[in-house]
Amino acid sequence: MNGLTTLREMRPERVVRLLDAAAAHRDAVARGEEVASPRAGQLVALMFYEASTRTRFSFEAAIHRLGARPMAFQAAGSSAKKGESLLDSVRTLVAHGASVVVVRHSSVGAARFLDEHVPVPVVNAGSGTGEHPTQGLLDLMTLRDALGTMEGRRVAIVGDVRHSRVARSVCHGLVALGAQPILSGPGTLCGPELAALGADVRPTIDDVLPDADAVMMLRIQRERLGTAAMASVAEYRRRWALTSERAATLAPGVPVLHPAPMNRGVEIDGDVADSPRSRIFDQMANAVFVRMAVLEEGACA
Amino acid sequence: MRVRLHQGERRVLWVDDVVIDDDGGPVDEEVQVDRGVLSAPLIDLQGDVAGAAAAEAGFGLVLPRAGVSRPGAGRVGALTVDRAGSDIADHGLLRDAGALCLSDGDAAHDDLEVLLGAARWAASVGLPILARPGVGALERGMVRAGPEAVRRGLPQVFAESEALGVHRWATIARMSGARVHLLPLWSALGVKAVMAEQDAGAPISAGTTPHHLTLEAPLDEGRHAWRCWPVLGDVADRQALLEAIEQGRVTTLSTGSRAVASHQVQTPLVDQVPRAPSPQQAVGRAVELLGAARVAQLFHEGPRQLLGLPEMPHGLVWLDHTPGVAPGLSLGSPIPHGIRRTWGQLTA
């Protein structure tokens, strides 16, 4: 089916169409208009096998704005505990009338597998360390708002790229739009093999900032600190944090993004996150509109 | 007194008792050095001796065996926190504090995930790693494994430990992009492993010590009161090391073979207490075996390139020692067999 499971090799026209649709929804909401959607009255299954706050709530908000209704599935307390397979669980909800399935799962291939086996569109809300395509789209929307055209733009992504499904989707989306991702992070978290994402990989944040038209910081998971993947916070900050001092060297108009949640004082200083160049809270707002566009896409087809 | 020494293209200026770069100014005497070699100061990657004693032996830079702090020595940063093999140390901070390389010393850690992470971190910081190749489970002994150890009932160190350690570090180097220098090699199996990995393109280099080039087990019972770590090999091990140097597969020498004093040795072998060879003596023996030019290269150029150090301006005169032949020229020589540093013995 024509779900949204990945941004890899997505046609640029489709990316642009989704971003334009999201912008249209945003404008309509800003004007106080009701959305007349083909999804109105339909059921949308939300199947979250991993914990989520932002993504889940923004999908719910998007569903309500479209006039549809959510079918909330909690993995804990479900038939998954009884050994029911993922596919059977999804088929059950489809049989109960779900027109779209939104799934977050720890397996990288879960969403794609479902999209190939169920008769309704499947939307990937995050699959292991694979992709998070709707997050990627909302980040692209925010970047486009700040920069205008994306063709030829260089977007720095700094931090734990290796384990970030967000970064992976963003890189695929940037490539689709003709932009260049430039990555940086510790070798354990952002190694040269990530050039396979179509990215330019550089040693430290100081190697990417001078060339960046936009900067996206990634959360460093504290549980990785002081282990086989990370040295200390002090060591990390010296080489990869977006500190106030580093942010001051950015050209005017260079936006700063972060998929949140943030570790203030670790990968990004608080006053940078709250500065006029920060688009972090715009990203959060755009999340609902992007997900409206994605949920509607299958209905339009 | 200003003396300019010439050897081929090389010139150094000796002023009083200090050697400095040639400033092109007038000199009291021009001397052509026909014998021996002009060399930059030695660099000891794993030295137990620093300060005046090391300078006397011709060492301009001594990196202490990891974990030993000595005044005036070059800096070695820890690869893992406390060199314990559990957590990655702050390599960037260490580099900024002057570390020239990273090492956990003699430790042979087994947590591959930590070693790989640490190597990736080191690669991103640009510091080389000095590592001793070994696998803990196969080296819990005190002498080289073999018939002698069996006859004497001594716990054994297997050469397979070094070979496995070489392959493991070569894999880590390939996966991480880190520069890894394995030292000190002691066995033919270890040499074979290094060569195979180098032929396969692994970014590793290797070093050994003058002790392992010049001495071999088994030691004469009753005459030797010290043990070497890593253990001394047998004649085949020593020969393999010499051949590896000849082929350019082993590129550094260092004095980093720890001698264990007699009172620390609890075996039935000890009757007398001769001293372990000093670094000076070890270097001198290496000069006898390989010639001054090669030893100078192994003790200077190999380490200098590994550490990424610039060309060093200071000069050092080494003699090719020929037993029974008067040295003829002695100026700041290292001390093969007691040649003293004296201005008065200068001859044209």
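Here is a short exchange about how some terms apply to this predicted model.

User: Before we start, what should I know about the numbering and the model?

Analyst: Residues are numbered from 1 along each chain as its sequence is written, and chains are lettered from A in the order in which they are written. In this predicted model, local features need pLDDT of at least 70 and side-chain atom pairs count only at pLDDT 80 or more, while side-chain values use heavy atoms, without hydrogens and water.

User: Why is helix 3 of chain B called oblique to helix 5 of chain B?

Analyst: The axes of helix 3 (residues 112–125) and helix 5 (residues 159–176) of chain B cross at roughly 45° and come within 9 Å. Angles under 35 degrees count as roughly parallel, over 145 as roughly antiparallel, 65 to 115 as roughly perpendicular and the rest as oblique, so helix 3 of chain B is oblique to helix 5 of chain B.

User: Which residues make that contact?

Analyst: With contact meaning heavy atoms within 4.5 Å, helix 3 of chain B contributes residues including Leu112(B), Leu116(B) and Arg120(B), and helix 5 of chain B contributes residues including Trp169(B) and Ile172(B). By class, the contact has 8 nonpolar (Ala, Val, Leu, Ile, Met, Phe, Trp, Tyr, Cys and Pro), 1 polar (the others, Gly among them) and 2 charged residues (Asp, Glu, Lys and Arg).

User: What makes Glu245(A) exposed?

Analyst: Glu245(A), found in helix 9 (residues 244–247) of chain A, has a relative accessible area of 58%. Exposed means over 50%, buried under 20% and partly exposed in between, with a 1.4 Å probe and protein chains only, so Glu245(A) counts as exposed.

Notes. Axes are lines fitted to C-alpha atoms, for helices over the stretch in contact, and angles run from 0 to 180 degrees between N-to-C directions. Helices (H or I, at least four residues) and strands (E, at least two) are DSSP runs, numbered from the N terminus.
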